[in-house]
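Colleague: I have a model on screen and would like to learn how to read it. Can we go feature by feature?

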Amino acid sequence: MINAQNSDTIQSVNQAEWQRTSVKHEVAAPLYSHTTQIRYADNNRFSKVELQYDDQKEKQAHIAQLGKGVLNREVNLSGFNPLPNNQLAWGKASYKNKIIKKPLWNETSDFRLLYPYITGDSIGGDIRSEQYNFTGGYARQIKQWTVATRFDYRGLLEYRNIDPRPKNTVNDVKAFVGAGYLINNKWNMGLDVYAGKYKQTANIAYFSELGATPVYHFVGLARQYARFFGDKTSYYYDGNNMGVSLSIYPADAKGMAIDFDYSFFDCRKIILSLNKLPMSRLKNYQFRSNLIFRSAFNNKLDYGVGASPQYSFKVGQENIFGDPIMNEYRQIASVNQYYETDFYTDAFVFVEYPVVDKLRLSAKPAVTYFYNKERYILPKRLKQRQGWNKQFQLALAYKKNKTLYSLKTDLFFISPTKSALILEELEDDVRFEKTERQNFQNYAAKQSGGSAALSVYYEFNKLFSTYLKGEYTYIQNDAQNKINGYSLNLGFLF
Amino acid sequence: MKVIQNIIIIAIVIAILSFAGCREKDTIQTTKVSLTLLLPDNAKDLKILEDSTRIEFKNVSTAKIFQFKGLGNIILPEGLYDCFLVSKGVCEENKIKTLKAYAQSLSIIGEISEHELKLFETTEVEGFVIEEIFFTGVLTPQGKQYYGCSYFKIKNNTDKLLYADSLAICESQFVSTTNWDYQPDIRSEAMSVCAIYMIPGNGKDVPVQPGETLLIADIAIDHRQANPNGYDLSGADFEWYDDSPNPRIQDIDNPLVPNLEKIYCYTLTIWVPHNRGFRSYGLAKIKVDKETYLRDYIYEYSYTMNLPQGTFPMTGKGYKVPNEWFEDVVNCSIESKYVWNLVDPSLDAGWTYCGKIDHDKTRYDKSVRRKIAYTTRDGREVLLDTNNSTYDFEHEARPSMMPEETNK
């Protein structure tokens, strides 16, 4: 049965939010992302409208290509709607309007996804960004079986109104289908598959009558594709992705919940300025899992343990071309030059205890091990780090009449135990190396920080509530860098 | 629960198998290169001293340079390469000669890659060299382009008195950034040119002392009067002047500075060296009179333009200057658009530049200047002249005529 329809009584929106903001619920969020398990995400129909404003400032860019912070304004709409006959429909829509502050050596959108094959110049400057997201899903339960489908769309437009003038347009779509089977009325086993298409079209224009500055097509670890630097300013990325996940979730939200997720992204960078020359190809294999055990002591004290290992492997292939014949470059070879291995796993425990009916306390200590290694084969280049991240989260929720208060604090301390940067055979342009070394200082530095978020919900009636949330984040590292960020959210639940 | 356990085990096994193929490699594919050296046509008796052979391969994709001694054991990562070779050869009279070879765009792929390199003999001809070319121009305080400041500097690079009479500045017909496969390809015998301006004289009218330089300006005036960013070229030894029929495009003639003799120029208005640096410039002794030259040294060529709009057979006409007439040639280009060298490698096997991309706005106020090889005991600077301007020239240099007080 679709869970939401099991509710005998209608909960007030604040009561539902009380449950949603519990750690017990939040730790299982990755499991709910599967279309075949989303029905366990909530017991109630709800809709949310949220306005968000956040501003993050970095004293010095942690990653130069991503800039010195982001000013973001967004509107989020979401709905979760159980329907008759064991059906469920849900959807989300959002619009984000951002200013990315002074990124350098990067004019490409979706930097993390497409690195190392990004394009940049020495000038950079603030980028304006507008992003639209739409998600719609539908699930239906027929006896023990669940069938579900979901469609995600992301549209992104990023640009700058002074030279250099990048204009990037991203279309990213994914379609999911899944089937689930409820075993022994306890374990819902789901199999989800998805396929997607990614495309980013990019062009950098110069309006100055005196000319332009060079554009570089980077290939990783401060190297560029020297042959195609300069004025090849039109390019696009053409990618495909697919994935499969297997998940098992306890219908009563107690006991083990597990998922395994495998995804693959394959993307080519094509330079339009050179007659659609396929410069490079990036393959990214990713494996993720979540293992969670939750239970309750005397039906009062909730506790649980979990781990979320993730492993990803990137391979970057550069294509080599002969001389152009009739303005077309003939590919003569290709070589795998770039590899990135990334692994991390966290392990956490949590306890959540309602001190009194109206007051709930929770604590969640966690420790994460991380390992990251980037390599460029020839000339030899290496960037590597591994270490630990220790986190502690403390949360408090308090209900009083029509008001719900939620306070969450989070502290963390990242301590790399090993780090290395090797850059052999430097480029003529020392600025690439300087940027890479500056990035490495932050990458290898010990880092500590925390955040505090206070939310206040006010319920006008059982079916309508509004909330205000403020959050402050502070991070510093021993490379003398600091990040200050705050966000304000105004939302309506109904 | 047993079913679930089995499913989990299967999932883990599938995941492990999926990643079994995700292995890093420590090396990339390399190719053994086998080179066959072809002797110059006029020196078939030469015996190459292989120990003296130095080879340099430049990977076109990465700009990485690989250097080798001798022909054996050349192993390179797969790719497209430009190759430059220097060697010594002994002739029958036991004289040692310097040999060079240059080949562009060698496709080096597979296990073994075999190539032939045609050697040419280089003689260290002592004479005039192009010391500096300033073609980029300057900007006005308003940031606009300002014309007329271009200049060439020609140096007597010997320890003897030389005469510059009949020495001509030549600009190449073609540009180094576009190659439409012009036929016939005459590079092995001559350079195709679109402008020739010659120093007048009857043989001994323009003496140049050892180490001395001639300044040849576009407009030999003090440009600072018109543009504070300009240079003072009023002291030039010569200027080139064009009598333009277009009243809107007029040259300025400084009567105090002698003009070059215009042999030929493609334009009827005024000649300005290519200010983005796409052309080559040569210094040649014109060995015939103007009429004979214009009659006998015509170069007619054909080519096919392949454009998205279609294929167009084309023809063109210019002039050619025999390779033997040249004292010096300098190829110019820009890195982002460079396609080919416009002259035979024996004249210039490399190229120099100001600016890295087309319309590079950082190129202004920069010149290409020949490096100093050494200074003699009497203080004479001898410039480097290996017939490879990639090495011989300082790229994007500060122009020598830029006022000292200009902080650029």
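Colleague: Let me start with one residue. Is Glu396(B) buried or exposed?

Modeller: This is a predicted model, so keep that in mind throughout. Burial is read by counting neighbours, and 20 or more other C-beta atoms within 10 Å make a residue buried. Glu396(B) has 20 C-beta neighbours inside 10 Å, so Glu396(B) counts as buried. Glu396(B) lies in strand S27 of chain B, residues 393-397.

Colleague: What about the backbone there? What is the phi of Glu396(B)?

Modeller: The general idea comes first. Most residues other than glycine have a negative phi. Glu396(B) is not a glycine, yet its phi is positive, about 50°. Chain A has a case too. Leu221(A) has a positive phi of about 50° and is not a glycine either.

Colleague: Where is Leu221(A) found, and is Leu221(A) buried or exposed?

Modeller: Leu221(A) is in the loop between strand S9 (216-220) and strand S10 (223-224) of chain A. Leu221(A) counts as buried because 25 C-beta neighbours fall inside 10 Å.

Colleague: Strand S16 of chain A: how many residues does S16(A) give to the side of chain A that touches chain B?

Modeller: Start with the whole contact. It takes 40 residues from chain A and 37 residues from chain B. On the side of chain A, S16(A) gives the most, with 6 residues. By class, that side of chain A has 27 nonpolar, 8 polar and 5 charged residues.

Colleague: Let us turn to chain B. How many helices and strands are there in chain B?

Modeller: Chain B has 3 helices and 27 strands. Its C-alpha atoms fill a box of roughly 105 × 65 × 55 Å along the principal axes. Of the 408 residues in chain B, 39% are buried. Then look at contact range. Take contacts in chain B between residues at least 6 apart in sequence: 65% of them join residues at least 24 apart.

Colleague: What domains is chain B divided into?

Modeller: Domain 1 covers 30-122 and domain 2 covers 128-397. The C-alpha centres of these two domains of chain B lie 30 Å apart. Their contact takes 6 residues from domain 1 and 5 residues from domain 2. On the domain 1 side, strand S6 (96-108) of chain B has the largest share, 3 residues. That side divides into 3 nonpolar, 2 polar and 1 charged residues.

Colleague: Now sheets. In what order do the 5 strands of the open sheet in chain B run?

Modeller: Strands of a sheet pair through backbone hydrogen bonds, either parallel or antiparallel. Here the order is S3-S2-S5-S6-S8 in chain B, and the pairing is antiparallel. Strand S3 (65-69) and strand S8 (120-122) of chain B each have a single partner strand, so one side of each has no neighbour in the sheet. Neighbouring strands are turned by 25° against each other on average, direction ignored.

Colleague: How many bridges join strand S2 to strand S5 of chain B?

Modeller: There are 9 bridges between S2 (residues 47-59) and S5 (residues 79-90) of chain B.

Colleague: Last, the core. Which residues of the largest nonpolar core touch the most other members?

Modeller: This core has 71 residues, and Tyr151(B), Ala168(B), Cys170(B), Ile196(B), Ile216(B), Leu233(B) and Ala236(B) touch the most other members. Strand S15 (190-198) of chain B is one of the contributing elements. S15(B) gives the most to this core, with 7 residues. For a close look, pick Ile216(B). Its contacts beyond four places in sequence include Tyr151(B), Phe152(B), Ala236(B) and Leu260(B).

How values were computed: Residues numbered from 1 in each chain as written. Chains lettered and ligands numbered in written order. Predicted model: local features only at pLDDT ≥ 70, side-chain atom pairs only at ≥ 80, totals over all residues. Pairing = 2+ DSSP bridges. Helix = DSSP H or I, 4+ residues; strand = E, 2+ residues; numbered from the N terminus. Axes fitted to C-alpha atoms, helices over the stretch in contact; angles between N-to-C directions. Contact = placed C-beta atoms within 7 Å. Nonpolar A, V, L, I, M, F, W, Y, C, P; charged D, E, K, R; others polar. Core = buried A, V, L, I, M, F, W, Y, C linked by C-beta atoms within 7 Å. Buried ≥ 20, exposed ≤ 12 C-beta atoms within 10 Å, placed from the backbone. Domains from an automatic or database assignment.
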